[in-house]
Amino acid sequence: MTSVISEPKPSSSKVAPPPPSPLTLTLAITGASGSLFAVEMLRILEYDDRVARVHLVVSPSALRVLAEEAGLHGRNSLPEKLLGHPSSKIALLAHEDIGASIASGSSHVDAMIVLPCSMGTLGAIAHGLAGNLIERAADVCLKERRRLVLCVRETPLNLIHIRNMAAVTEAGATVFPLIPTFYNHPQTVDDIVRNYVHRVLQHIGLPQPGAFTWGATEDDPQ
């Protein structure tokens, strides 16, 4: 009599995938109008548990704009000034420090956001000039095929601006113009700023709870 040995049945239980590793990001602020958007971005990243580290680089022109638009003066303790409290997650790097970690492709960074991105910074990135840490870090993102989001801010645009935006797009960056939305019916300037920042973070894989989604209902999962 031949014995029949049954094949083991596969387990019906599913093994949960490992949680994604916390991200390391670079946030650069340059000297275009719109510093309030950068401040909101930094505050959201500070409280997002999916983000382990934020390298913050602020250009000298951005410091001038921060003073004019946000009433914040000086580079010393800038993350604390922007957030309203100290932070161990935010690392302020000198704009002139071309030897900082993010200037090398061997240093892991998941994505870089330039918010706002001046036309001067856009032009330098488009032509690979890399004369300061912001430009070099952006150049590294392009050569390493990492996410680079340039939140350009200028109006009207001349042909040089448009060609530079085409050049960085062809090189792998995302041009994300600093344009507010109104279909979400913002009631305050903060609403306008927050919705734009939510859109940028969703683009790099960090959707935010409570972010406005067109066509969503109250029953939809957030």
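**Questions on a predicted model**

Reader: What relative accessibility does Asp139 have?
Author: Asp139 counts as partly exposed because its relative accessibility is 22%. Buried is under 20% relative accessible area, exposed over 50%, and partly exposed lies in between (1.4 Å probe, protein chains only).

Reader: What kind of model is this, and how are residues numbered?
Author: This is a predicted model: local features need pLDDT of at least 70 and side-chain atom pairs pLDDT 80 or more, while totals for chains, interfaces and linings use all residues. Residues are numbered from 1 along each chain as its sequence is written, and side-chain values use heavy atoms, without hydrogens and water.

Reader: Back to Asp139, then. With which residue does Asp139 form a salt bridge?
Author: The partner of Asp139 is Arg136, and their closest N and O atoms are 3.4 Å apart. A salt bridge puts a side-chain nitrogen of Lys or Arg within 4 Å of a carboxyl oxygen of Asp or Glu. Arg136 also counts as partly exposed, at 22% relative accessibility.

Reader: Where do Asp139 and Arg136 lie?
Author: They lie in helix H5, residues 133–143, three residues apart, or about one turn of the helix. Helices (H or I, at least four residues) and strands (E, at least two) are DSSP runs, numbered from the N terminus.

Reader: How many salt bridges does a search of the whole structure find?
Author: The search finds six of them. Among them is the pair of Arg50 and Asp48, at 2.8 Å from N to O. Arg50 is partly exposed because its relative accessibility is 32%, while Asp48 counts as buried at 7%.

Reader: I also see Glu144. Which side chain does Glu144 meet in a salt bridge?
Author: Glu144 meets Lys143, with 2.7 Å between N and O. Glu144 is partly exposed, with a relative accessible area of 33%, and Lys143 counts as partly exposed at 41%. Elsewhere, salt bridges that share partners join Glu40, Asp191 and Arg194 into one network.

Reader: What about His55: is it buried or exposed?
Author: His55 is buried, because its relative accessible area is 10%. This residue is found in strand S2, residues 51–58. Leaving aside neighbours within four places in sequence, the contacts of His55 (heavy atoms within 4.5 Å) include Thr24, Leu27, Ala91, Leu93 and Val109.

Reader: Now Glu96. Is Glu96 buried or exposed?
Author: Glu96 is exposed, at 54% relative accessible area, and is found in the loop between S3 and S4. Beyond its neighbours within four places in sequence, Glu96 is in contact with Pro60 and Arg75. The C-alpha atoms of Glu96 and Leu133 are separated by 5.9 Å, although these residues are 37 apart along the chain.

Reader: What does Leu115 contact, leaving aside neighbours within four places in sequence?
Author: Its contacts include Leu27, Ile29, Phe37, Met41, Cys151, Leu178 and Tyr196.

Reader: Last, H7. What do the buried residues of H7 pack against?
Author: They pack against helix H1 (35–47), strand S4 (111–117) and strand S5 (147–152). The buried residues are Val193, Asn195, Tyr196, Val197, His198, Val200 and Leu201.

Reader: How many residues does helix H7 have, and what follows it?
Author: H7 (189–203) has 15 residues and reaches 22 Å from its first C-alpha to its last, close to the expected 21 Å. The expected span is 1.5 Å times one less than the number of residues. Gly205, which has a positive phi near 90°, follows H7.
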